[in-house]
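Here is a quick briefing on how one protein chain is put together. Have the sequence and the 3D view open while you read.

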Amino acid sequence: MPALDQSTRFENGQGFIAALDQSGGSTPKALRMYGIGEDRYSSDEEMFELINAARARIAVSPAFDGTRVLGAILFQGTLDRQIDGLGFAQYLWQKRQIIPFLKIDKGLVDEQDGVQAMKEIPGLEETLSAARGQGVFGTKERSVIHSANAAGIKRVVEQQFAVAETVLSCDLVPILEPEVSIHATDKREAEELLRNELLTGLEKLGDGKVAIKITLPAVDNFYADLIAHPKVARVVALSGGYSLEESCAKLVRNSGLIASFSRAFLDGLTEQQDDADFDRTLDASIEAIYRASIA
């Protein structure tokens with residue numbers, strides 16, 4: 001595959017973004033899915049060492065390269081690891097042609113007005129500067145919308161854009177992630193409010209482009225206006241708890257939308273697999289998500 005500028009590749013390349021950024025709250029479940037029970041660790045440090053080893057195993061697999069995987073979102077602890085003498089982000093780009101992103105949010109506050117906004121992000125500019133020096137191209141920041149509350153959704157989106165402006169000022173590309181819970185009883189109405197707020201925010205955006213990560217929508221091609229927007233580099237979809245098969249089936253029906261799956265991407269991988277079985281399982285998942293992303 002010919003070398004490309006990261007911006008050109010991100011905006012125009014074929015493939016999907018692998019989300020390898022499970023943090024404290026979601027790591028135990030991710031490890032259980034990977035075949036590692038809570039009896040294997042007794043501290044956060046041991047827990048993160050296990051999940052980071054799993055991510056490194058994915059990164060070095062021959063199935064995981066830029067021919068089908070466009071980018072990968074990393075947790076801070078993973079970013080600080082090395083593979084073959086290179087920082088994790090540098091390894092992804094230099095050896096795999098996979099664009100590295102960093103999860104920058106520090107989790108969520110308690111639900112209010114039907115949403116969970118992001119916690120404060122202390123030292124954000126220092127984190128962004130360090131990430132840039134480590135070869136990171138962009139960032140990701142997650143909020144969660146639980147119901148179609150107009151005030152809550154407006155507040156979440158405004159916070160997302162405020163953080164995005166800081167990211168852009170540090171010469172990185174932000175991925176806004178205002179996730180709509182797939183369990184929301186009024187998911188379709190919440191998505192309508194979200195789309196309108198995102199379009200309003202884009203009109204106010206200064207220089208630069210953002211990417212947006214959304215839940216697979218209740219209505220096919222619902223986010224076409226965002227995909228076509230000149231201020232949007234890419235719109236990507238999270239699996240949100242849907243199975244790999246269901247996520248891919250929904251993705252195929254949304255033109256121009258590509259995957260950024262986490263749980264669905266890791267489906268079927270276990271520590272107990274030998275390398276050949278691990279690579280076969282990973283290759284099958286990558287191929288399914290890739291095909292759905294380019295359909």
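This is a predicted model: local features need pLDDT of at least 70, side-chain atom pairs count only at pLDDT 80 or more; totals for chains, interfaces and linings use all residues.

Residues are numbered from 1 along each chain as its sequence is written, and side-chain values use heavy atoms, with hydrogens and water left out. Helices (H or I, at least four residues) and strands (E, at least two) are DSSP runs, numbered from the N terminus.

**Aromatic rings**

- A pair of aromatic rings is described by the distance of the centres and the angle of the planes.
- Rings of Phe, Tyr and Trp (its six-membered ring) pair up if their centres lie within 6.5 Å; planes under 30 degrees apart count as stacked, over 60 as edge-to-face and the rest as tilted.
- That rule gives seven aromatic pairs here.
- Take phenylalanine 10 and phenylalanine 137: their ring centres are 5.7 Å apart and their planes are at 65 degrees, so this pair is edge-to-face.
- Phenylalanine 10 belongs to helix α1 (residues 6-12) and phenylalanine 137 to the loop between α6 (124-133) and β7 (138-145), so the pair ties together parts that are 127 residues apart in sequence.
- Are these two buried or exposed? Buried means under 20% relative accessible area, exposed over 50%, and partly exposed in between (1.4 Å probe, protein chains only).
- Phenylalanine 10 has a relative accessible area of 1%, so it is buried, and phenylalanine 137 is buried too, at 5%.
- Phe10, Phe101 and Phe137 are linked into a cluster by ring pairs.

**Charges over rings**

- A charge sits over a ring if NZ of Lys or CZ of Arg is within 6 Å of the ring centre and within 35 degrees of the ring normal.
- Arginine 57 has its charged end over the ring of phenylalanine 278, 4.0 Å from the centre.
- Lysine 250 does this with tyrosine 242, lying over its face at 4.9 Å from the ring centre.

**Helix α3 with helix α5**

- Axes are lines fitted to C-alpha atoms, for helices over the stretch in contact, and angles run from 0 to 180 degrees between N-to-C directions.
- Helix α3 (residues 44-60) and helix α5 (residues 88-96) have axes that come within 11 Å and cross at roughly 15 degrees.
- That makes α3 roughly parallel to α5 (angles under 35 degrees count as roughly parallel, over 145 as roughly antiparallel, 65 to 115 as roughly perpendicular and the rest as oblique).
- Their crossing is left-handed, which is the word used if the near helix is turned anticlockwise from the far one by less than a right angle, with right-handed used if clockwise.
- Which residues meet here? Arg55, Ala56, Ala59 and Val60 in α3 touch Phe88, Tyr91, Leu92 and Arg96 in α5, where contact means heavy atoms within 4.5 Å.
- The buried residues of α5 include Phe88, Tyr91, Leu92 and Arg96.

**Two other helix pairs**

- Helix α10 (residues 244-252) packs against helix α12 (residues 275-294) at an angle of about 20 degrees, with the axes 8 Å apart.
- That makes α10 roughly parallel to α12, and the crossing is left-handed.
- On the α10 side the contact uses Leu244, Cys248, Leu251 and Val252, and on the α12 side Ser285, Ala288, Ile289, Ala292 and Ser293.
- Helix α7 (residues 150-169) and helix α8 (residues 187-204) pack at about 35 degrees with their axes 9 Å apart, in a right-handed crossing.
- Among the residues that meet are Ile153, Val157 and Phe161 in α7 and Leu194, Leu198 and Leu202 in α8.

**Single residues to look up**

- Most residues other than glycine have a negative phi, and most peptide bonds are trans.
- Phenylalanine 222 is in the loop between β9 (210-215) and α9 (224-227), and is buried at 10%.
- Leaving aside neighbours within four places in sequence, phenylalanine 222 contacts Glu191, Glu192, Arg195, Pro217 and Asn254.
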